[in-house]
Each structure stands twice: as C-alpha cells, then as structure tokens.
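Welcome! Please take a moment with the sequence and the model, and then we can walk through them together.

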Amino acid sequence: MFDLINPSRIFHWIEKLINFINSIFFILLIIALTFALVLSPPDYLQGDSVRIMYVHVPSAWIGLASFTVIALMSILSFIFKIKNLNLITKSIAPIGLLFTCIAIITGSLWGQPTWGTWWAWDARITSMLILSIFYILFILAHKLIENEDKANKVSNIIAIIGLINIPVIRYSVDWWNTLHQPSSIKLDGTSSIHPSMLLPLMLMLLVLLLYCALILLMKYKTEIIRIKKKNIKRI
Amino acid sequence: MIQNFISMNGYGFFVWLSFAITFLACGMLYYKTYKTLKKYEKDFAKELDQLSEAERKLVLEKSKVASQFLASYNKSI
C-alpha cells in the first residue's frame, strides 16, 4: 500500500493533477464566492457577518484535519520507518499553519461585531492558538535541525504530542462553558444549519481543499526534486 | 443595491477584510511555493545538464524520477 506514495510512482501524476486543479479552480472559486457573498441569505441574528463563517469554518476544519493527518502519519513513520511520509507531513505543515492562522484572524474579525471583542481567552480559541504553536514548532524543527533524520524524529514527536490538543479543540465547546458557540454541523445528521447556508459553506470548503491539494502537490514535488538533487552526485 | 452589497448592512469592513486576508494569504503561499518549485526545477535541470553524457545516462537509468522530471521539464520549456 505504501508503494503508492513512492516518489517515482507518483511523480508523473503530480504534473497532471496540478494542471487539472488549475483548470477547474477559478470556475469553482467564482461559483463559491457568488453563493457566499451574494446568493446566501443574511442570518436572522448575526446579519451579514455570518458570511465570515464561509471562510472561518472551512479554514478551521482544514487546520484541524491537516494536523490530525500529520500526527497520524508521524505515528506510521515511527512504526514503519517510511521516509516518504515525512516528505508529505513536511509539505502539509505550512498549509495547516496558514489555515489555522486564517481561522484565528477571521474568528477575531467575526468576534468584534458579534461578541464586542477581538479576542477572548476562551477554551476553543486558546486551543486553536496552541495548535498554531505546534505547527510553528513542527516547521521550525525542519528548518533549524540540519540532520534530516534528527529533524524528522523531533518533528514527529512534536506532531504526536500535539495530537492531544485535537480532541481538546473539537470538544472544548462541549466540555467547558465557552463564548464560542457549539458546532452547528454534525456528522450524525442533527445539523442546525439551513441548506441555504450549508451550500456556500461546502462550496468554499471544496475550493479551499482544492487549493490545499495544489499546494501539497507543488511542495511534495519540490521535496522530491530537492532529495534527488542532493543524491545526484551519489548516483 | 451596490452600496448595500459593499456595506453588508454595516458589517462590510469585517466581511471584506476576512475574505481579503484569506485570499491574500493563500495567494502569498501559492506564489512562494511556485517560485521555490521553479527554482529547484531549474537548478536540478542545470545540474543534470552539467553531467557528462555517460554520467547523465547512468543517472537517468538509475532514477525514475530524474528521467520523468527531465521529460516533463523539457516539455514545459
């Protein structure tokens, strides 16, 4: 199964996938923005500030999902010693950091008109801030440690420790009495969001996921070339 | 109507700033990633070019990635 992510197998698909994503990305972006900014109705309580949710919520989901993937891959890398997994986690980390920061900033921009404050040391917001710190530590481990094996080990440990924070973020609104409202979208089908707002949210999520795939493929390709470049003399 | 759309019933500053920050940050990461990729591609192609014919043949035989890279790089330039 792990052979599927072998650089020599995946390399020629990367270019094709990048071209495919580039060809559909802008059309989907325009459709998603039209729904998010024009066609979706204002909320009966939040008014038009609800539109911030169309970038805030998908960004938070991506930030969380990226770190979960990084941590799970780090565990697999520890057990099976697969170096390609480290290339993938290294490529995902900047994307995760970007979207975690976007979630925090847009959350703050939503909080000011709604709660009357830019920031609160609330359990959900604070745990998201801790997540961004884990991302920064993970990226710094790769940047500052010159020995690649050691950098991979340290970053894997950071990711595995950071995994503890993921359920804290997810359930913070249920465990503590927080300023941040509980989830409106649940996988068990008890979502309290109206379809007219769910559609733009899902469209924006799709667009941002495509963007993530694009960056991941480009970063993974860069990593493969970097390693091959280093090994060229050895061959 | 356009004024309403821009002002978003008083929330315009917060809504537009959220979208602007999101797309600006995404654009910056894309630009940086694209630039780094192109730089590595160029350097790698240059290094392959500097090898002697025999060394180059050996590298391309031994590394699938190098041969695939060269094929796609030659197509793109």
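What percentage of the 235 residues in chain A do buried residues make up? The answer, for this predicted model, is 37%. A residue is called buried here if 20 or more other C-beta atoms lie within 10 Å of its own.

Now let your eye follow the chain from start to end. Chain A has 7 helices and 0 strands, and reading along its sequence gives the pattern α-α-α-α-α-α-α.

How does this chain fill space? Along the principal axes, the C-alpha atoms of chain A occupy a box of roughly 65 × 40 × 30 Å. The radius of gyration of chain A is 20 Å, which agrees with a compact globule, because a globule with 235 residues would have a value near 18 Å.

Next, turn to the place where the two chains meet. Here 34 residues of chain A are in contact with 33 residues of chain B. On the chain A side, the elements that give two or more residues are helix H1 (7-39), helix H3 (83-115) and helix H7 (195-231). H7(A) provides the largest share of that side, with 11 residues. What classes of residue does the side of chain A that touches chain B have? There are 19 nonpolar residues, along with 7 polar and 8 charged ones.

Conventions: Residues numbered from 1 in each chain as written. Chains lettered and ligands numbered in written order. Predicted model: local features only at pLDDT ≥ 70, side-chain atom pairs only at ≥ 80, totals over all residues. Contact = placed C-beta atoms within 7 Å. Helix = DSSP H or I, 4+ residues; strand = E, 2+ residues; numbered from the N terminus. Nonpolar A, V, L, I, M, F, W, Y, C, P; charged D, E, K, R; others polar. Rg over C-alpha atoms; globule rule 2.2 N^0.38 Å. Buried ≥ 20, exposed ≤ 12 C-beta atoms within 10 Å, placed from the backbone.
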